[in-house]
Amino acid sequence: MSNYQGNFNSKIDYVFKVVLIGDSAVGKSQLLARFARDEFNIDSKATIGVEFQTKTVNMDRKTVKAQIWDTAGQERYRAVTSAYYRGSVGAMLVYDISKRQTFDHVAKWLEELRGHADKNIVIMLVGNKSDLETLRAVPTEDAREFAEKESLFFMETSALDCTNVESAFLTVLTEIYRIVSKKSLMANEETESGGSSSLLKGTDIVVPGQEPVSGGRSFNCCTSS
Ligand SMILES: Nc1nc2c(ncn2[C@@H]2O[C@H](COP(=O)(O)OP(=O)(O)OP(=O)(O)O)[C@@H](O)[C@H]2O)c(=O)[nH]1
């Protein structure tokens with residue numbers, strides 16, 4: 001079920017759409033549950049269609065609402081690909097450190113992501129289930145090397161025991177914020193000089209219960225109220 005945790009009383013400076021992708025059962029839904037609500041469900045069912053949750057964080061005296069989207073890893077249950085990626089400015093590409101195949105499929109997920117998302121999207125490679133060290137099938141070094149080659153952030157996490165979950169999401173959100181603030185600065189300069197910026201274009205995001213969030217600002221991946 002989609003779960004919208006909007007706070008209509010406080011001013012939101014930005015909305016960042018972040019998508020979760022990766023094979024089925026790697027723990028995408030539980031990473032989201034842990035980050036958004038500090039919950040974990042050992043009997044987590046496969047996602048059908050698409051869900052999202054929000055979490056509001058403060059950065060640099062701005063209020064950022066992370067709108068995190070989760071879809072099924074299984075092809076037959078997945079959301080429409082292009083709609084899922086539309087407007088996303090961050091992605092968590094998740095595999096399971098105890099299942100080699102889920103890491104072998106990371107390149108395929110990355111290809112799909114790069115084919116559909118903004119070229120400047122911030123991507124974190126996430127090796128989840130780090131609590132299953134005794135069953136490890138993906139050496140940390142292999143993943144780190146892949147991430148470096150592909151210019152991705154990389155972290156190992158455990159939604160079960162909380163390791164690095166917050167840190168992984170916050171790293172992505174902070175990097176998006178860094179790019180967007182820079183773009184905001186550039187946009188102001190370009191308005192004066194007549195140029196155009198290529199940083200994190202994104203598209204309009206409509207949050208249920210709110211007006212479409214484009215508007216005020218010259219970059220439309222985010223909102224400003
Ligand atoms: N040991 C361990 N199990 C986890 C962890 N994260 C998720 N799981 C378990 O892995 C299973 C799958 O988790 P989900 O979060 O539903 O996986 P998913 O990637 O969302 O799966 P799809 O919806 O099919 O794409 C569930 O039984 C979870 O309880 C973790 O960090 N450690």
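**Ligand site and backbone features of a predicted model**

Around the ligand there are 24 residues, of which Ser-24, Lys-28, Ser-44, Thr-47 and Gly-73 come nearest; a residue is near a molecule or strand if one of its heavy atoms lies within 4 Å of it. The structure is a predicted model, in which local features need pLDDT of at least 70 and side-chain atom pairs count only at pLDDT 80 or more, while totals for chains, interfaces and linings use all residues. Residues are numbered from 1 along each chain as its sequence is written, and side-chain values use heavy atoms, with hydrogens and water left out.

- The ligand sits in the largest pocket. A pocket is an open set of points, on a 1 Å grid over the protein atoms alone, where a 1.4 Å probe fits and with protein on both sides within 12 Å along at least five of seven lines; a molecule sits in it if more than half of its atoms lie within 2 Å of its grid points.
- Polar backbone atoms of Ile-42 and of Ala-159 each lie 2.8 Å from an oxygen atom of the ligand. A polar contact is a pair of N or O atoms within 3.5 Å.
- Ser-158 places a polar side-chain atom 3.5 Å from an oxygen atom of the ligand.
- Taken alone, the ligand exposes 650 Å², and the protein buries 91% of that; accessible areas come from the Shrake-Rupley method with a 1.4 Å probe.

**Helix H1**

- Helix H1 (residues 28-37) supplies three residues, the largest share of the shell around the ligand. Helices (H or I, at least four residues) and strands (E, at least two) are DSSP runs, numbered from the N terminus.
- H1 is largely enclosed by the rest of the structure, because nine of its ten residues are buried. Buried means under 20% relative accessible area, exposed over 50%, and partly exposed in between (1.4 Å probe, protein chains only).
- Among the buried residues of H1 are Lys-28, Gln-30, Leu-31 and Arg-34.

**Asn-128**

- Asn-128 belongs to strand S5 (residues 122-128) and is buried, with a relative accessible area of 2%.
- Apart from neighbours within four places in sequence, Asn-128 is in contact (heavy atoms within 4.5 Å) with residues including Leu-31, Asp-96, Ser-158 and Ala-159.

**Positive phi angles**

- Most residues other than glycine have a negative phi.
- Arg-61, although not a glycine, has a positive phi of about 65°. Arg-61 lies in the loop between strand S2 (50-59) and strand S3 (62-71) and is exposed, with a relative accessible area of 85%.
- Ser-151, also not a glycine, has a positive phi of about 55°. Ser-151 is placed in the loop between helix H5 (140-149) and strand S6 (153-156), and at 66% relative accessibility Ser-151 counts as exposed.

**Whole chain**

- The protein chain has six helices and six strands, which follow the pattern β-α-β-β-α-β-α-α-β-α-β-α along the sequence.
- Of its 225 residues, 48% count as buried.
- Among contacts between residues at least 6 apart in sequence, 72% join residues at least 24 apart.
- The protein chain exposes about 11,000 Å², and carbon and sulfur atoms supply 50% of it.

Notes
Polar contact = N/O pair within 3.5 Å; in protein donor to acceptor, adjacent residues only side chain to side chain. 1 Å grid on protein atoms, 1.4 Å probe; cavity = no way out; pocket = protein on both sides within 12 Å on 5 of 7 lines; lining within 4 Å.
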